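Dear colleague,

I am passing on the structure we spoke about, and I would be grateful if you could look through it with the notes below beside you.

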Amino acid sequence: MSSSDPESSDPQNIEDMMDINEDADDYAQHLSKPSVSVASSVYELLECPVCLNAMYPPIHQCSNGHTLCSGCKSRVFNKCPTCRHELGNIRCLALEKVAASLELPCKYQNFGCNGIYPYYCKLKHESLCVYRPYNCPYAGSDCTVVGDIPHLVSHLKDDHKVDMHNGSSFNHRYVRSNPDEVENATWMLTVFSCFGQYFCLHFEAFQMAMAPVYTAFLRFMGDESEAKNYSYSLEVGGNGRKIIWQGVPRSIRDSHKKVRDSYDGLVVHRNMALFFSGGGDSRELKLKVTGKIWKEQ
Ligand SMILES: [Zn+2]
Ligand SMILES: [Zn+2]
Ligand SMILES: [Zn+2]
Ligand SMILES: [Zn+2]
C-alpha cells in the first residue's frame, strides 16, 4: 500500500500500516547484534522492583519467580514484596548470567561519555567516569545542584551570587570587629578565572578546640589529574609578620569539608591572626590575604 493510496486516509488502515512497520522494526532489531532494545528491556528486568536500583549477584527470586536484590531481601522478613509468598533462598542464576552478557552505555552518555561497559563493570566505571557531573562547590548550604563546569560556574554566579574575578593573582581582605564571635563555618567563596580554567578560593573561620581558626585554600573546577598542573600560593601577614602557604589546588571532586579537614591549605590560628591584625591588644580581626595561581611547566 503506497502513501498516495486514497484508502490510507482511513484511520483503521493507517493503524494497520503502523503495526506492520513496528513488527518489521522489531525484526530488524533482533537481527542486529547487540540489540539496544533487547539490552534495555533486560536492563529493566535487572531493576530491583523494591528499591529500583540495578541488581547485582546474588539476585534472589521467590517461588513464583519475582526477583529481588540482596539488599532488599534482608529487609523483607522472608516475604516476597510482590506476591507475599515465602521467599526462601532461591537464586536467579539465569538472570545473573544474562546480566553478565549485557553491555550498556555509561549513564553519563548525555554528558559526553561514549563508553560501553559490561553490566558488572558499568557501576565501577560510572563512579569514576570523567564525564560524571560535579557537585556544586558552594559550601555552607546543602546545595544539590550538579552539572558540568560551565553549568556550575553560571550557577555559582546566578544562584549563590559568588564574586567572580578574572586573573591569576588576588587580594582578599577578611575583617571582623569581634573575632571571638566565630560561628562554625563562617566562610567566603570567590571564583577566579585564569588559564581558561576556574578556581574556587575558600576562606573560612571555624571553631577548633574552643578557639577560632582561619583557613584558606584553593579548589580546581575540574578533575584531579588536571588540578595537578597548577600551583598556588597564599600569603597572610601584617605588623611585621607573615606566613606563606604554597600548595596544589584540590579538585572539586573532593568535598569542601574533606579539603578543609585535611588542612591542605593556609591555616592561621587566632592568636597569630590577631598579631597580623595589628598586635595582641587588637580586638579587631583584619586579615589581608594575597595569592596567585600559576601553571606548572
Ligand atoms: Zn532492592
Ligand atoms: Zn513473589
Ligand atoms: Zn562514562
Ligand atoms: Zn549550588
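Here is what was found in it, beginning with the basis of the notes.

This is a predicted model, in which local features need pLDDT of at least 70 and side-chain atom pairs count only at pLDDT 80 or more, while totals for chains, interfaces and linings use all residues. Residues are numbered from 1 along each chain as its sequence is written, and chains are lettered from A and ligands numbered from 1 in the order in which they are written.

The protein holds 9 helices and 17 strands, where helices (H or I, at least four residues) and strands (E, at least two) are DSSP runs numbered from the N terminus. Of its 297 residues, 24% are buried; a residue is called buried if 20 or more other C-beta atoms lie within 10 Å of its own, exposed if 12 or fewer, and partly exposed in between, with C-beta atoms placed from the backbone. Among contacts between residues at least 6 apart in sequence, 50% join residues at least 24 apart, a contact being a pair of residues whose C-beta atoms, placed from the backbone, lie within 7 Å.

On the sheet, four strands form an open arrangement in the order β9-β17-β13-β14, with antiparallel pairing, and two strands are taken to pair if DSSP finds at least two bridges between them. Because β9 (169-176) and β14 (241-247) stand at the edges with a single partner strand each, one side of each is left without a neighbour in the sheet. The twist averages 20° from one strand to the next, with axes being lines fitted to C-alpha atoms (for helices over the stretch in contact) and angles running from 0 to 180 degrees between N-to-C directions. Within this sheet, 8 bridges join β13 (residues 230-238) to β17 (residues 285-295), which run antiparallel, and Ser231 stands opposite Trp294 in β17.

The peptide bond from Pro57 to Pro58 is cis, with omega near -5°, and Pro58 lies in the loop between α2 (36-45) and β1 (60-61). Asn78, in the loop between α3 (70-73) and β3 (90-91), has a positive phi of about 60° although it is not a glycine, and Asn78 counts as exposed, with 12 C-beta neighbours inside 10 Å. Lys161, which is likewise not a glycine, has a positive phi near 55°; Lys161 lies in the loop between α6 (149-159) and β8 (163-166) and is exposed, with 7 other C-beta atoms within 10 Å.

How values were computed: Two residues are in contact if their C-beta atoms, placed from the backbone, lie within 7 Å.
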